[in-house]
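Hi everyone, thanks for coming. Have a look at the picture first, and then I'll talk you through it.

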Amino acid sequence: MFDFLGANAWMADKVLLATWESIYMVMISTVLSYLVGLPLGVILVATSEGHIVENKSVNTVLGSIVNAVRSVPFIIFLILIIPLTRLIVGTPIGTIASIVPLTLAAIPFVARLVETSLKEIEWGLIEAALSMGANAWQVITKVLLPEAMPSLSLGVAITTINLVGYSAMAGIVGGGGLGTLAYYYGYQRYENGIMWITVIVLVVLVQLVQMLGDTLAAKISNKRM
Amino acid sequence: MIEVRNLTKIFTTSSQEILALDEVSLHVEKGEVFGIIGLSGAGKSTLIRCINMLEKPTSGSVVIDGVDITTLESSELRSARQKIGMIFQQFNLLSSRTVYDNVMFPLEIAGFPKKEATQRVEELLELVGLEDRSDSYPAQLSGGQKQRVGIARALANKPKLLLSDEATSALDPQTTRSILGLLKDINHRLGLTIMLITHDMNVIKQTCDRVAVIDDSQIVEVGKVVNIFSKPQTDTSRSFIGTVVNNDVPEQMLQGRAALETGHDSLLIRVSFIGESAGKPLISSMIKKFDVDANILYGNIDYIKETPFGYLALELTGLPNHINEGLAYLKGQGLEVEVIRGV
Ligand SMILES: Nc1ncnc2c1ncn2[C@@H]1O[C@H](COP(=O)(O)OP(=O)(O)OP(=O)(O)O)[C@@H](O)[C@H]1O
Ligand SMILES: [Mg+2]
């Protein structure tokens with residue numbers, strides 16, 4: 001069962017490549033999902049009741065969309081948006097193609113995480129800024145985001161970790177990376193060694209990301225203490 | 001400077017309507033320190049927050065230097081707010097910024113040129129005595145220091161009006177004194193109008209020129225601080241004053257009086273002094289003029305904004321008509337005389 005200890009160089013190459021593909025997919029998807037999810041989260045907070053640009057209809061519509069996407073299990077979501085993936089990338093298979101469902105699924109998740117982080121900020125700080133004549137944009141960029149930075153960076157770590165898991169799922173339907181490796185060699189060819197290596201690599205990746213997130217958050221908080 | 005007219009604020013929650021301000025009107029002069037005192041829930045914060053429209057009044061107007069700020073549209077309101085500083089009980093400093101950058105914050109909002117802003121921040125830090133802490137973060141400061149940053153920040157845009165919502169309520173008495181001293185100093189030096197709310201009569205006594213007493217959403221009394229202290233018109237005012245000045249004659253003083261000569265009367269009175277009458281030897285001249293004895297039972301003298309103010313509890317003994325003449329003389333000299341007990 002532990003024959004991976006004697007795995008040859010060819011295998012090592014495969015694992016390395018798959019690991020790189022996974023990291024690549026996850027990183028790009030994380031960045032892209034924040035590009036959309038962060039503004040979305042900000043809008044969800046700012047348009048909520050009593051907030052700086054209260055707007056019930058915008059808030060309700062965005063909130064419902066976010067909830068709808070989040071309620072679809074990822075494995076179903078993957079299949080559901082194949083036509084869209086094909087439209088954007090040209091093919092539903094491979095590392096690049098996986099970025100589409102990963103990003104789309106992560107956007108609402110990121111939006112809610114950002115929303116939670118921003119809601120933790122004391123209203124008094126926002127009021128202080130308003131009392132100085134700040135506009136909504138200034139409140140967002142000078143108060144909300146900087147004040148929430150420690151919590152936002154933990155959110156990035158959580159999102160990345162989630163995407164590591166999702167990317168493995170995407171791999172099973174041909175998304176590339178560690179998921180595909182585990183599926184082809186581990187599941188279809190009964191090579192348990194590969195399976196275990198994949199698991200170990202995933203565990204290490206997740207640990208690394210969490211550590212990075214924790215360190216970053218602590219660093220920001222400590223500087224302020 | 002500020003003219004508040006018929007200001008009403010009703011908060012509508014899902015379960016009820018709360019009348020927080022009921023037709024409140026008041027006037028604040030340019031350059032004065034105007035206090036608002038009231039019990040918790042009386043509507044103080046709501047009132048001061050209506051002055052810079054953090055709270056939108058249900059009806060009524062707030063005119064600052066001729067401009068009714070309740071009618072401004074949002075961009076005009078933002079520029080108006082830049083000229084109204086505000087300080088808070090919880091300081092509300094940005095934890096993500098150093099002391100220096102916190103003071104810079106309102107200048108960034110106002111779009112100050114960088115070079116002028118830098119100079120202004122340095123001036124302000126010097127004014128509040130924190131020039132050596134400019135690189136500290138708020139979490140590294142004491143409450144008093146945080147409030148000094150709050151004050152520097154509120155003054156950054158050279159406002160004409162400073163609003164203070166219980167700015168010293170989270171501080172110990174000594175720190176409170178130093179912060180109030182700073183506010184007074186700013187008021188003198190910059191001619192800044194200050195409107196401050198508090199539930200602590202000591203704060204009013206130490207800092208304000210005039211005070212409004214607010215009770216149950218209404219202003220029940222407005223006037224010069226000395227006047228409110230010496231002649232409170234309402235029970236609310238009297239109980240606030242009671243927290244600072246002990247106005248009651250201690251019970252044991254009323255006991256065990258000296259035996260009276262035959263034909264003599266005894267009268268227990270309380271004489272209140274205010275202003276210059278406190279400096280005159282009126283009691284001793286009464287004793288000489290009218291042949292009455294005055295036994296001092298209890299007394300208290302204090303200063304409010306350089307005006308002496310206090311009272312004496314006296315037992316007057318002598319022939320009844322002498323006592324009456326003496327009383328009339330004291331009243332004629334402008335003293336407040338109140339008979340506590342006759343015999
Ligand atoms: N946002 C709000 N929504 C509903 N009711 C409110 C709101 N703000 C204040 N109130 C109510 O209005 C009344 C006046 O409140 P306000 O905060 O002005 O009192 P205050 O005099 O400042 O009291 P304190 O000394 O405790 O700060 C209270 O009954 C309070 O519950
Ligand atoms: Mg209050």
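I'll start with the ligand and then move on to the place where the two chains meet.

Quick housekeeping: this is a predicted model, so local features need pLDDT of at least 70 and side-chain atom pairs count only at pLDDT 80 or more, while totals for chains, interfaces and linings use all residues. Residues are numbered from 1 along each chain as its sequence is written, chains are lettered from A and ligands numbered from 1 in the order in which they are written, and side-chain values use heavy atoms, with hydrogens and water left out.

Okay, which residues come nearest to ligand 1? Of the 13 around it (a heavy atom within 4 Å), those are S40(B), G41(B), K44(B), S45(B) and T46(B). A polar side-chain atom of K44(B) sits 2.7 Å from a ligand oxygen, and a side-chain N or O of S45(B) is also 2.7 Å from an oxygen of ligand 1. With G41(B), a backbone N or O atom lies 2.8 Å from a ligand oxygen. The shell splits into five nonpolar, six polar and two charged residues; Gly counts as polar here.

Now the chains. 20 residues of chain A touch 23 of chain B, where contact means heavy atoms within 4.5 Å. How many salt bridges cross that interface? The rule finds two, taking a side-chain nitrogen of Lys or Arg within 4 Å of a carboxyl oxygen of Asp or Glu. One of them joins K142(A) and E108(B), at 2.7 Å from N to O.

Technical notes. Polar contact = N/O pair within 3.5 Å; in protein donor to acceptor, adjacent residues only side chain to side chain.
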